[in-house]
Amino acid sequence: AIASECDKLLLRTMWETGGRPGEVCRLVPENIVSENNCIILSNFKQHKRKNPTDPRQPHPLKRIYLFPESTLCHDLISYCQATHIKSGEWVFPSRRDGSKPFNAVTLWRLVTTLSESLGIRYIKKDKRTGEYANRPAWPHLFRHGQGQATLHRTGRLDIVQAQLGHS
């Protein structure tokens, strides 16, 4: 259902890392460490909690160690080489301006549009009315799904907390 190789890798990176949309969209090639099967993401949420008054301070980094059989690091590096993405450039650049990262709003639209076309729905309880609604999937569900998959596979909550950057 996804024609673009970039979009496929973006969604796959969302799933395999459990990263927030903004964190994954800002991935750069030097943060893909194939030797350790690790992807390094900025932890946006942690930055907001620690020092919200200084936006110039860089976000703390979190290391996401992928499962041993994952080929995501290799595939991302191959993609960067094939598309001539250099160090310091975005792995997932904006469609309008390549000097900017892929937009999280565009990612939201991509996921909801694809889920609608594929018939993938999510039952969600409306906080105001208490009624359940059948809605299209959205990017943050990749994060929830990865957390559940990691917990199911390892049985260790501390690993899930470390991967998702939760205290």
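Trainee: Where does His59 lie in this chain?
Mentor: This is a predicted model, in which local features need pLDDT of at least 70 and side-chain atom pairs count only at pLDDT 80 or more, whereas totals for chains, interfaces and linings use all residues. Residues are numbered from 1 along each chain as its sequence is written, and side-chain values use heavy atoms, with hydrogens and water left out. Helices (H or I, at least four residues) and strands (E, at least two) are DSSP runs, numbered from the N terminus. With those names in hand, His59 lies in the loop between α3 (44–50) and β3.

Trainee: And what is the relative accessibility of His59?
Mentor: Buried means under 20% relative accessible area, exposed means over 50%, and partly exposed is in between (1.4 Å probe, protein chains only). His59 counts as partly exposed because its relative accessibility is 30%.

Trainee: What distance separates the C-alpha atoms of His59 and Arg153?
Mentor: These two residues are 94 places apart along the chain. Between their C-alpha atoms, the separation is 29 Å.

Trainee: Let's go to α7. Which of its residues are buried?
Mentor: Helix α7 runs over residues 157–164. The buried ones are Val160, Gln163 and Leu164.

Trainee: What covers the buried residues of α7?
Mentor: Contact here means heavy atoms within 4.5 Å. The covering elements include α1 (5–17), β3 (61–65) and α6 (140–154).

Trainee: Thr150 is in helix α6. What does Thr150 touch beyond its neighbours within four places in sequence?
Mentor: Thr150 is buried, since its relative accessible area is 4%. Past those sequence neighbours, the contacts of Thr150 are Phe67, Gly155, Ile159 and Val160.

Trainee: Which members of the largest nonpolar core touch the most other members?
Mentor: A nonpolar core is a set of buried Ala, Val, Leu, Ile, Met, Phe, Trp, Tyr and Cys residues joined through side-chain atoms within 4.5 Å. The largest one has 26 residues, and those touching the most other members are Leu10, Leu27, Ile39, Leu76, Val91, Phe92 and Leu107. At least two residues of this core come from each of α1, α2 (21–25), β2 (38–42), α4 (72–82) and α5 (104–118). So much for the elements; the residues you asked for are Leu10, Leu27, Ile39, Leu76, Val91, Phe92 and Leu107.

Trainee: How far apart in space are Val28 and Val91, C-alpha to C-alpha?
Mentor: Val28 sits in the loop between α2 and β1, and counts as buried because its relative accessible area is 11%. Not counting residues up to four places away in sequence, Val28 touches Gly88, Glu89, Trp90 and Val91. Val28 and Val91 are 63 residues apart in sequence, yet their C-alpha separation is 5.3 Å.

Trainee: What is the phi of Asn37?
Mentor: Most residues other than glycine have a negative phi. Asn37 lies in the loop between β1 (32–33) and β2, and is buried, with a relative accessible area of 14%. Although Asn37 is not a glycine, its phi is positive, at about 50°.

Trainee: His84 has a positive phi too. Is His84 buried or exposed?
Mentor: The phi of His84 is near 60°, and its place is in the loop between α4 and α5. With a relative accessible area of 61%, His84 is exposed.

Trainee: Which residues does Lys124 touch, not counting those up to four places away in sequence?
Mentor: Lys124 belongs to strand β4 (residues 121–125) and is partly exposed, with a relative accessible area of 35%. Its C-alpha is 6.5 Å from that of Asn134, which is 10 residues away in sequence. The residues that Lys124 touches are Glu131, Tyr132, Ala133, Arg135 and Trp138.
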